[in-house]
Amino acid sequence: MAVERNAETHQTLIGGQGDIQLGIIMSKLKDRFGVSVKTVPQKIAYRETIKGTSDVQGKHKKQSGGAGQYGDVHIRFSPSQEEFEFSEELFGGSVPKNYVPAVEKGLIESMERGPLAGCKVVNVKAVLYDGSYHEVDSNEVSFKIAASLAFKKGIVEANPCLLEPIMHLEITVPSDYTGDVMGDMNKRRGRILGMEPQHDGSQKLIAEAPQAELFDYALGLRSMTQGRGSFVMNFERYEEVPKMLADKIIAQHAAEEDK
């Protein structure tokens with residue numbers, strides 16, 4: 001049995017060898033500690049990124065009684081191979097250099113929650129190239145807020161998309177069941193990359209499939225192979241979610257936000 005807290009999805013996950021073991025754990029929690037557990041489907045740690053470019057302004061201006069707030073930035077956004085790239089091409093003192101770190105910090109904090117489904121944003125390059133400031137009202141907080149406003153606008157305008165985790169699987173099954181296992185993998189949006197005969201006559205199938213389709217794979221494989229199949233699964237990479245599925249995920253997130 002394994003228990004972990006997923007910091008990204010904010011779920012507490014309990015793992016076991018099957019439904020029966022998980023059921024026993026739930027019963028023990030109830031009987032021994034009086035804890036009722038509500039189980040929900042495991043959430044996927046999706047990501048968001050951009051496929052295009054944008055050039056936006058983020059301006060924060062607040063005047064109320066005492067000291068005001070003023071921050072104004074112009075930022076270009078584009079795709080990057082790195083998780084996050086930031087640079088500045090300022091000239092003529094449009095934004096004082098001491099406010100540049102606040103702009104970068106504002107962008108980094110904004111990347112924790114993207115505009116599509118509230119997921120972490122990755123593979124973005126941001127170039128601060130212009131802006132303006134106020135002698136009295138400008139401060140680091142104002143520029144941080146201006147950067148976050150630019151980020152929200154810039155990501156939406158740069159053709160954002162949703163990414164999902166793709167898992168690498170090595171599935172070992174008796175030869176008689178390879179056809180069923182391969183067919184099932186296709187239904188799970190997976191693809192078979194290769195097949196290796198084993199010394200004992202069984203077959204090892206190398207495959208990739210989205211994590212979203214694999215939460216019940218242990219039960220499915222056991223059923224298909226009469227308990228004689230086994231598999232090892234590891235994270236491989238992130239890939240774009242097909243549009244129809246992405247639209248559903250985004251709509252579901254919007255509905256949850258409205259509650």
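Helices and strands are DSSP runs, a helix (H or I) holding at least four residues and a strand (E) at least two, and both are numbered from the N terminus. The structure described here is a predicted model. In this model, R189 has a phi near 60°, a positive value in a residue other than glycine. Buried means a relative accessible area under 20% and exposed means over 50%, with partly exposed in between; R189, at 28%, is therefore partly exposed.

N159 sits in the loop between α3 and β9, where β9 covers residues 160-174. Its relative accessibility of 44% makes N159 partly exposed. N186, by contrast, belongs to a helix, namely α4 (residues 178-187). Because its relative accessible area is 53%, N186 counts as exposed. Between N186 and A209 there are 8.8 Å in space, C-alpha to C-alpha, and the two are 23 residues apart in sequence.

The largest pocket has a volume of about 1200 Å³. Its lining is made up of 33 residues, and those closest to the centre are I14, G15, L22, Q42 and F215. Which elements each supply at least two residues of this lining? They are the strands β1 (2-6), β2 (11-15) and β12 (230-240), together with the helices α1 (19-33) and α5 (217-224). Of the contributors to the lining of the largest pocket, β2 gives the most, with five residues. Sorted by class, the lining of this largest pocket holds 17 nonpolar, eleven polar and five charged residues.

The second largest pocket contains about 860 Å³ of space. It is lined by 24 residues, and T9, K43, I44, Y46 and E256 are the closest to its centre. Here the top contributor is a helix: α6 (residues 243-258) gives the most to the lining, with five residues. The classes in the lining of the second largest pocket are ten nonpolar, seven polar and seven charged residues.

Attention now turns to the aromatic side chains. A pair of aromatic rings can be described by how far apart the centres are and by the angle of the planes. Across the whole structure, a search finds four aromatic pairs. One of them joins F77 and F151 edge-to-face, with 6.1 Å from centre to centre and 80° between the planes. This pair links distant parts of the chain, since F77 lies in strand β5 (residues 69-79) and F151 in helix α3 (residues 140-157), 74 residues apart. Is F77 buried or exposed? Its relative accessibility is 1%, so F77 counts as buried. F151 is buried too, because its relative accessible area is 2%.

A further pair is formed by Y99 and F143, whose ring centres are 4.8 Å apart and whose planes meet at 15°, so the pair is stacked. This pair also links distant parts of the chain: Y99 is in the loop between β6 (84-88) and α2 (100-110), F143 is in helix α3, and 44 residues separate them. Both Y99 and F143 are buried.

Two strand residues complete the picture. R47 is found in strand β3 (residues 47-50). R47 has a relative accessibility of 13% and therefore counts as buried. What joins the side chains of R47 and Y238? The link is a polar contact of 3.5 Å. Beyond its neighbours within four places in sequence, R47 is in contact with E8, C119, K120, V122, C161, L162, L163 and Y238.

Setting aside residues up to four places away in sequence, F84 touches E104, L107, I108, M111, V124 and A126. F84 and K125 are 41 residues apart in sequence, while their C-alpha atoms are 5.9 Å apart in space.

Note on methods:
Residues are numbered from 1 along each chain as its sequence is written. This is a predicted model: local features need pLDDT of at least 70, side-chain atom pairs count only at pLDDT 80 or more; totals for chains, interfaces and linings use all residues. Side-chain values use heavy atoms; hydrogens and water are left out. On a 1 Å grid over the protein atoms alone, a cavity is a set of points where a 1.4 Å probe fits but cannot get out, and a pocket is an open set with protein on both sides within 12 Å along at least five of seven lines; lining residues have an atom within 4 Å of a point. Grid points are joined across faces, edges and corners, and a volume is the space filled by probe spheres set on the points. Ala, Val, Leu, Ile, Met, Phe, Trp, Tyr, Cys and Pro count as nonpolar, Asp, Glu, Lys and Arg as charged, and the others, Gly among them, as polar. Buried means under 20% relative accessible area, exposed over 50%, partly exposed in between (1.4 Å probe, protein chains only). A polar contact is a pair of N or O atoms within 3.5 Å; within protein, one must be able to donate a hydrogen and the other to accept it, and residues adjacent in sequence count only if both atoms are side-chain atoms. Contact means heavy atoms within 4.5 Å. Rings of Phe, Tyr and Trp (its six-membered ring) pair if their centres lie within 6.5 Å; planes under 30 degrees apart count as stacked, over 60 as edge-to-face and the rest as tilted.
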